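Reader: Hello! Could you walk me through this structure one step at a time?

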Amino acid sequence: MLDTLGELERTHTCGELRIGDVGQKVVLMGWVAKKRDFGPLTFIDLRDRDGITQVVLNEADTSGAHAKAKGLRGEFVIAVKGKTVEREGTHNPKLATGDIEVHADEILILNEAKVPPFQLEVAGNENLADESARLKYRYLDLRRAEMQNNIRTRAKVVTAIREYMDGAGFTEIETPILLKSTPEGARDFIVPSRIHAGKFFALPQSPQILKQLTMIAGFDKYYQIARCFRDEDLRADRQPEFTQLDVEMSFTNREQVYRLMQGTFNHVYKKFDIELPEAWPRMTHAEAIRRYGSDKPDLRFEMELIDLSGDLADTDFGPFAEALKANGTIKCIVVKGRADYSRKQTDELQEFVKRYGAGALAWIKLGDETTSSLLKVLGEEKIAQLAATAAAEKGDAVLIVAGRKSVVAASLGALRLEVAKRENLIPENVYKPLIVTEFPLFEYNDAEDHYDAAHHPFTAPMDEDLEQFREAVEGDKRELLGGVRAKAYDAVINGIEVAGGSIRIHQRDVQALNFKAIGLTQEKARERFGFFLEALEYGTPPHGGFAAGIERTLMALLHNDNIRDLIAFPKTASAQDLMMDSPGEVDEAQLKELGIKTFTRETRSIH
RNA sequence: GGGGUCGUAGUUCAGUUGGUUAGAACGCCAGCCUGUCACGUUGGAGGUCGCGGGUUCGAGCCCCGUCGGCCCCGCCA
């Protein structure tokens, strides 16, 4: 028979009591984390959201409570009435409450619990249960201190953001979750409507257009903690639904947005006693790609990419010569002190870069003797020259990739991170923020042989590139589009893209150019976002803003590389919820009402 | 859409070249124990080796398919 709570109120949490509380009568409530039974003496680790307090039951003092404790099992929910005393034996420095313990004279069993499907308290994360078990029993996983900390840190971050935005004069405005599908960008989640059977709403990929409309509406400074939805494949840092700080302001320029982005992050980080520089370092997109092979460089370590194409301009080695002839490049990174890389290891690294489209990974090892996969084709002298250009020293390994510029950047950029992880080159508890500027306005789409908007189609070009932009579109020199830079920027911390944004186009003729560049006809554009184009014609102020990923901000802050750990109820890599078992089927009647027929996986391709 | 990797007790894992009764630790259950905090100690229970098919005298191990977790490419700011 369970006890009832009645009028009993708890006096403290399980993480609160200190040596100064000795002598106090207290009431604690929580879960049984652990029981250590010595016969006449029993210890219980009582856990709640705040920590763990040791409860002691001595048969000699309170035989009733002691006897009752015999029946306690892990995760039972209990209330304990007792007295705070200084520990008799050794204090426990691992617990915040480790100097005291509570001598219980009464225990109430408020609820029992089945044996959990996995152990909540285990030493070391490597012994933690498989993630699918943790996801199925998410409510149990969330009881663990680490997860409690993650979720509560998240709340603290969001609170800090609201505090800062409010202080800076921004108005929080909610925008609809039920929107209209727009064909470009990510795939939409669509929502049927009974009232409009056969028609669909779409969930927002982001409130982009709506936040621009708040500028046209004259709110001047808008922000929102907005849920975003994208029906795309997942990654360790991507979930189908995630949360953004969405910000937009009027009468602004890039410098003002940079200051606001920095200010926001600096304010948030300060809550965790982390000082970021008031003005973050900056780097253009082109420089980031050139030096780090990435538009979100991790600046916690060096190992920059070095260009070897100058030294190899006259080479007749097939793969290199072809790469250079096709306007490609040859670059390398230097791994300090790893001339001892084995054949197996370089093979592994070669397999790694091949994922990014690299044909091969060439290497030079400056050991006691210099060895190289290129020795036969280039000769000793050239090898020595390349090593010198790379500034490699005795004992180092040089890893080289040749090919298209984008492939060399992607593969070496990724290799740089991979090697840094393997070699433990990334310092812990260091935060290296960066603002990446001047992103390209357009991205060449290989598969369809045309240019897409790199950010979104309302991003303004840089004033300096407006001329070239006009020429590219009106003079029909499409190849010039690749060189047009945008007033677009990202905020990066430790190689994680935590925010991104742009100054928007507010002039009709530039917007028209932009649509033409990406092959969107007047009619198509009107069809897709006519309401927005119309709005632009009623006095749109110059405006711009950014969006910051809440989960990514937390990943950077907590040095966590799994986005699921930062969302209370996340989905798996295949976009399922293992706890609710969603998505699920619905009744035939429901579908009928909505005017929807479904097809199975097998019949879908036949239609 | 493609690639990699994992799937054995409640959990984390081991399991030789295919060989007889599939192991360990933690957890769980029962006993003992008055200062533990990864308590100790004695004993015990617990297995559709993800699922289906195949090869074989014999499959946890080999082959084919399939399902699921994780990671990556494509995709996605």
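Author: Happy to! Let us begin with a term we will need: two strands pair if DSSP finds at least two bridges between them. Strands β18 (residues 442–445) and β19 (residues 450–453) meet that rule, pairing in the antiparallel sense over four bridges. Please keep in mind that this is a predicted model.

Reader: Which residue of β19 does Phe-442 stand opposite?

Author: Phe-442 belongs to β18, which covers residues 442–445. Its strand pairs with β19 in the antiparallel sense. The residue opposite Phe-442 is Ala-453.

Reader: Which residue takes a positive phi in the hairpin of β18 and β19?

Author: This hairpin has four residues between the strands. One residue there has a phi near 50 degrees, and that residue is Asp-449.

Reader: Let me step back to the whole chain. How many helices and strands are there in chain A?

Author: Chain A has 607 residues, and 47% of them count as buried. Its C-alpha atoms fill a box of roughly 95 × 75 × 55 Å along the principal axes. The chain holds 18 helices and 22 strands.

Reader: How far apart do the C-alpha centres of domain 1 and domain 2 lie?

Author: The domain assignment places domain 1 at 19–111 and domain 2 at 301–422, with domain 3 made of 440–485 + 507–540. Between the C-alpha centres of domain 1 and domain 2, the distance is 62 Å.

Reader: Which strands stand at the edges of the open sheet of five strands?

Author: The order in this sheet is β12-β13-β16-β14-β15, and the pairing is antiparallel. An edge strand has a single partner strand, so one of its sides is left without a neighbour in the sheet. The two edge strands are β12 (306–307) and β15 (370–372).

Reader: What is the angle between the direction of helix α11 and that of β14?

Author: Strand β14 (residues 362–366) is joined to β15 by three bridges, with Thr-370 in β15 as the bridge partner of Leu-366. Helix α11 (residues 380–389) packs on the sheet, where it touches β12, β14 and β15. Its direction and that of β14 make an angle of about 85 degrees.

Reader: How many residues of strand β17 are buried?

Author: In a regular strand, side chains alternate between the two faces of the sheet. For β17, one side carries Pro-433, Ile-435 and Thr-437 and the other Leu-434 and Val-436, with both faces covered. The strand is largely enclosed by the rest of the structure, because the buried count is five of the five residues.

Reader: Where does α15 bend?

Author: A straight helix of 15 residues would span 21 Å, yet α15 (residues 522–536) spans only 15 Å between its end C-alpha atoms. The bend is about 100 degrees. Among the buried residues of this helix are Ala-525, Gly-530 and Leu-533, and the cover over the buried residues includes α5 (208–216) and α14 (508–517). The bend is located at Phe-529.

Technical notes:
Residues are numbered from 1 along each chain as its sequence is written. Chains are lettered from A and ligands numbered from 1 in the order in which they are written. This is a predicted model: local features need pLDDT of at least 70, side-chain atom pairs count only at pLDDT 80 or more; totals for chains, interfaces and linings use all residues. Side-chain values use heavy atoms; hydrogens and water are left out. Domain bounds come from an automatic or database domain assignment. Contact means heavy atoms within 4.5 Å. Axes are lines fitted to C-alpha atoms, for helices over the stretch in contact, and angles run from 0 to 180 degrees between N-to-C directions. The expected span of a helix is 1.5 Å times one less than its number of residues. The bend at a residue is the angle between axes fitted to the seven residues ending there and the seven starting there. Buried means under 20% relative accessible area, exposed over 50%, partly exposed in between (1.4 Å probe, protein chains only).
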